[in-house]
Amino acid sequence: MAALGIVYGDIGTSPLYAFKAAVHAALGSHGGNVGVAATGVASLVIWSLILVVSIKYALLIMRADNHGEGGVVAMLALLNTRDAPAGSRRAALLVLGLVGAALLYGDGAITPAISVLSAVEGLKTAAPGLAHFVLPITVVILIGLFAVQSRGTGFIGRIFGPVMLSWFVTIAVLGIGSIVQAPQVLVALSPIPAIGFLFHAPPVESFAVLGAVFLAVTGGEAMYADMGHFGRTPVRLAWFAVALPAIVLNYLGQAALLTLEPGQIDNAFYGLAPGWAQYPMIAFATVATVIASQAIISGVFSLTQQSIQLGFLPRLSVTHTAREESGQVYVALANWLLALATLSAVLTFRSSDALAGAYGIAVSGLMAISTFLAALVAIRWGYSVVLVVMVNGALMLLDLVFFSSNATKLLEGGWFPLVIAGVVAFLMLTWRRGIGFVEQARVGLRESEDRFVAMLEQQEIARVPGVAAFLSASTTGIPLALATHVRHNKSLQKSVLLVSVVTEEIPTMPIERRAEALALAAGFWRVILHFGFMEDLDIPTRLRDARTDIDDADLESISYYIGHETLVADRDIAGMWPWREALFVWMQRNATPTGASFGIASRQLIEIGTEIRI
């Protein structure tokens, strides 16, 4: 039930706008015969759902999981691209994968806009005099949606499933009622009308129709992205048992309606409901689209958290909104930037028809990248190269056809999500490259363990009672904060932990692999804490798993020392372009303080300043 509500909210509300957009695009190739165009479009939509969502995602790509987690970031982890050397093939795959992840942000800006706008536009038909209120109502709903994100999805999540189940039952019943009056549209269940349309229509019009038909499968990518929350079986069951049959029946019902009443082309969805049900359906559709929007917003938060953990974005404030669900997070900066992009889309395009031109290109690009990466994962896992090339090659061809058809809408609005995705991908790559230069600079400044211990023994360094934990980005050498502390204070606690955090490319770490400790000389311990990319980086809690000679009482009173690095972009040091280095420095200075992101109480935290030039 939960999978039904959260995963399929987006694709479940596609009938509001996808069918009418595709029929409008198909009219030119059918001489204005709305009924014939509607049947051909219905066949294209149904078989697109079967090939792209049912076969590709539900049966094939969902196999490429990383310990149960799905999504582009999970596939990057499976392909071991995180630490790929610059210029290598794995580095190229990393760039491709990050572009795919960034496309989700573009999708996240358009989905709430087109979904809510298409639902509220029902007022234009039910009450034409209220048409000028459509935009203000949409803006108010979206502002309210983003404003409540900080409260978490716990409450609304409990009603997602029942509401969406009611939605799917309702659209299926409406579709059946129309099909009974024009049963000839059932021919669309065969691929023949779809094939016939593609062969007889001019290429330009075929591409335009396919671009509109693709709107019906957007949201299918959520099956893979959200797989880790529910498991493979519930996600598949919700699709094949409820969502797919209901959606197919509704599209067939819209085709039947247009066969009987061609004048309803601009009202194909709401025209299925009787007059007395128009206003309730508008309200119901608005609720459903808010749920669909919530799903993609939550997905953006989850992707942001994973990207931070894996070092693709700077540390931002991530708030957990539910004690019982680690995956329910809120990222304030991501929320309000997404809100700004969504409201900009609504006010720029002003109608769901215009937004249809902006929608699709980001998702089709993401789907093509996912198919390619999934093929590489399958080959890495030992599947037959010939079989993988045949199956994924055919699916990739289909993805590229859809991407090409959506690319024709580039100037109509397709540029909007691509600009958003391009900015996000560039920031991710800039951050990753800048962090590499910072670590190179640290290596040049960092002292070796043997040399530092020898210095402690030779000089008069007072060893005082207590435990100190010095955080380090490296698992070797002496942290810069430790060397600076000793140089200025001429003293050091008797027990010292050199703590490094390593984020692994699996969602969660098993208990036996969470921490490792190695005793060094002079009361020093090297402690390496391992976290999965879906886990909180809580250092005080994880230190209890480390087997050192420090008892639990002393662990509660540890003093944590963290280097507060001031980065300076130096033109004399080889690296990135000066303006790009300045951008990286700005990102670093506006990141969340390291102590807060590591779960360390401020009363136990000491920051030691260090200047690093890159």
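Of the 155 residues in the largest nonpolar core, which touch the most other members? The legends below begin with that core. This is a predicted model, in which local features need pLDDT of at least 70 and side-chain atom pairs count only at pLDDT 80 or more, while totals for chains, interfaces and linings use all residues. Residues are numbered from 1 along each chain as its sequence is written, and side-chain values use heavy atoms, with hydrogens and water left out.

**View 1. The largest nonpolar core and a second, separate one.** The residues that touch the most other members of the 155-residue core are Tyr8, Phe19, Leu49, Trp167, Phe168, Met223 and Trp239. The largest share of this core, 16 residues, is supplied by helix H6 (residues 89-120). A second core of 21 residues is separate and includes Leu497, Ala546, Leu555 and Tyr560. A nonpolar core is here a set of buried Ala, Val, Leu, Ile, Met, Phe, Trp, Tyr and Cys residues joined through side-chain atoms within 4.5 Å; buried means under 20% relative accessible area, exposed means over 50%, and partly exposed lies in between (1.4 Å probe, protein chains only). Helices (H or I, at least four residues) and strands (E, at least two) are DSSP runs, numbered from the N terminus.

**View 2. Phe19 and its aromatic partner Tyr251.** Rings of Phe, Tyr and Trp (its six-membered ring) pair if their centres lie within 6.5 Å, and planes under 30 degrees apart count as stacked, over 60 as edge-to-face and the rest as tilted. By this rule the count comes to 14 aromatic pairs. In one of them, the ring centres of Phe19 and Tyr251 are 6.0 Å apart and the planes stand at 35°, so the pair is tilted. Because Phe19 belongs to helix H3 (residues 18-26) and Tyr251 to helix H14 (residues 232-260), the pair ties together parts that are 232 residues apart in sequence. Phe19 and Tyr251 are both buried. Leaving aside residues up to four places away in sequence, Phe19 touches Ala38, Val41, Ala42, Tyr251, Gln254, Ala255, Leu258 and Ala268, where contact means heavy atoms within 4.5 Å.

**View 3. Trp167 in an aromatic cluster.** Trp167, Phe269, Tyr270 and Phe284 form one aromatic cluster. Trp167 counts as buried because its relative accessibility is 0%.

**View 4. Asp10, a buried charge without a salt bridge.** Asp10 is found in helix H2 (residues 9-12). Although buried, Asp10 has no salt bridge, and the nearest side chain of opposite charge, Lys409, is 13 Å away. Not counting residues up to four places away in sequence, Asp10 touches Tyr17, Thr111, Thr218, Gly219, Ala292 and Tyr359.

**View 5. Salt bridges between separate elements.** A salt bridge is a side-chain nitrogen of Lys or Arg within 4 Å of a carboxyl oxygen of Asp or Glu, and a search of the whole structure finds 7 of them. One joins the side chains of Asp399 and Lys56 (2.9 Å, N to O), linking helix H19 (residues 385-407), which holds Asp399, to helix H4 (residues 34-60), which holds Lys56, across 343 residues. Asp399 and Lys56 are both buried. Another salt bridge pairs Glu449 with Arg526, whose closest N and O atoms are 2.3 Å apart. Glu449 lies in helix H21 (residues 449-458) and Arg526 in strand E6 (residues 524-531), so the pair ties together parts that are 77 residues apart in sequence. Glu449 is partly exposed, with a relative accessible area of 23%, whereas Arg526, at 5% relative accessibility, counts as buried.

**View 6. Helix H22 and the residue that follows.** Helix H22 (residues 480-489) is mostly covered, with 7 of its 10 residues buried. The buried residues in H22 are Leu480, Ala481, Leu482, Ala483, Thr484, His485 and Val486. After H22 comes Lys490, which has a positive phi, near 55°.

How values were computed. Lys and Arg count as positive and Asp and Glu as negative; His and the chain ends are not counted.
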